[in-house]
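Student: I am new to this structure and would like to understand the terms used to describe it. May we go through them in turn?

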Amino acid sequence: MPIAIVLGLVVVGSVLFHFVSPWWFTPIASNWGYIDDTINITFWITGAVFAAVVLFMAYCLLRFRHKPGSRAAYEPENRRLESWLAIGTAVGVAAMLAPGLVVWAHFIRVPAGATSVEVVGQQWQWAYRLPGKDGKLGAADTREVNDTNPLGIDPNDPNGRDDVIVQGGELHLPVGKPVALLLRSLDVVHDFFVPEFRAKMDMIPGSVTYYWLTPTRTGSFEVLCAELCGVGHPYMRGTVVVEAEADYQAWLAQQQTFEQMRAPAQTGALN
């Protein structure tokens, strides 16, 4: 009896904690409300199964508790029960997976006209590259990385000369416009994550991963690395500023291009 009561209290306490908990999602700042919906569906399904299983255990403890002279019945198999359990489990798993697959299809399908922004992770800092006036990002390769070319941009690619370079500073994005984030790592696996955007992706050395989003409200949002990347991992933080188009263009005009970055080094070499 006491154990059955404890199990019932565990279910009641878990449900109440879910509704009154002070820890919940940060306010969303992108178009990915679908991800919140998918997580909530998973919560409801797993929560219902958890409550059903624990309450069934409590019921069994009460219904089949020891009584003098009673004997347990042994039933090696029950095809009807096993079939219902298999069907119920399959339906539950499909209900959790299907929304995620639909969201994933949208997550990796970058809309036409989205601006490309490269995010470069390196122990333990972020850097960014935005297209210049030509609207194109130049080619890049880790083998090109050096003191005057920290992001490894191909110096022979004309598309990269006007690329805007932001090192150790804030990434600014215009509100209401889709952006494709091209993710690249120079050393180990990192993960670019802004909690309010509800989107993240591992950055794999030697390849370029990506996702897209549309910022939906202005403000400053913290960037976190969501992949353990070494002893400095907790300090690998940054800031994304979402602002109006005019403010974004004013910020962009103040940034240094790849050609401007290399100019001092080239002048020094000639001297």
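**The sheet and the pockets**

Tutor: Five strands make up an open sheet of mixed pairing, in the order 4-10-9-6-7. The model is predicted, so local features need pLDDT of at least 70 and side-chain atom pairs pLDDT 80 or more, while totals for chains, interfaces and linings use all residues. Residues are numbered from 1 along each chain as its sequence is written, and side-chain values use heavy atoms, without hydrogens and water.

Student: What makes strand 4 and strand 7 the edge strands?

Tutor: Strand 4 (171-174) and strand 7 (199-203) each pair on one side only. Strands here are DSSP runs of E, at least two residues long, and helices are runs of H or I of at least four, numbered from the N terminus.

Student: How do you know that strand 6 and strand 9 pair?

Tutor: Pairing requires at least two bridges found by DSSP. Two bridges join strand 6 (residues 190-194) to strand 9 (residues 219-225), so the antiparallel strands count as paired. In strand 9, Cys 225 is the bridge partner of Phe 192.

Student: Why is the lining of the largest pocket said to hold no charged residues?

Tutor: Asp, Glu, Lys and Arg count as charged; Ala, Val, Leu, Ile, Met, Phe, Trp, Tyr, Cys and Pro as nonpolar; the others, Gly among them, as polar. The lining divides into 11 nonpolar, four polar and no charged, so none of its residues is Asp, Glu, Lys or Arg. Helix 3 gives the largest share of this lining, eight residues.

Student: Which residues divide the lining of the second largest pocket?

Tutor: That lining has 11 nonpolar, five polar and no charged residues, and helix 2 gives its largest share, seven residues.
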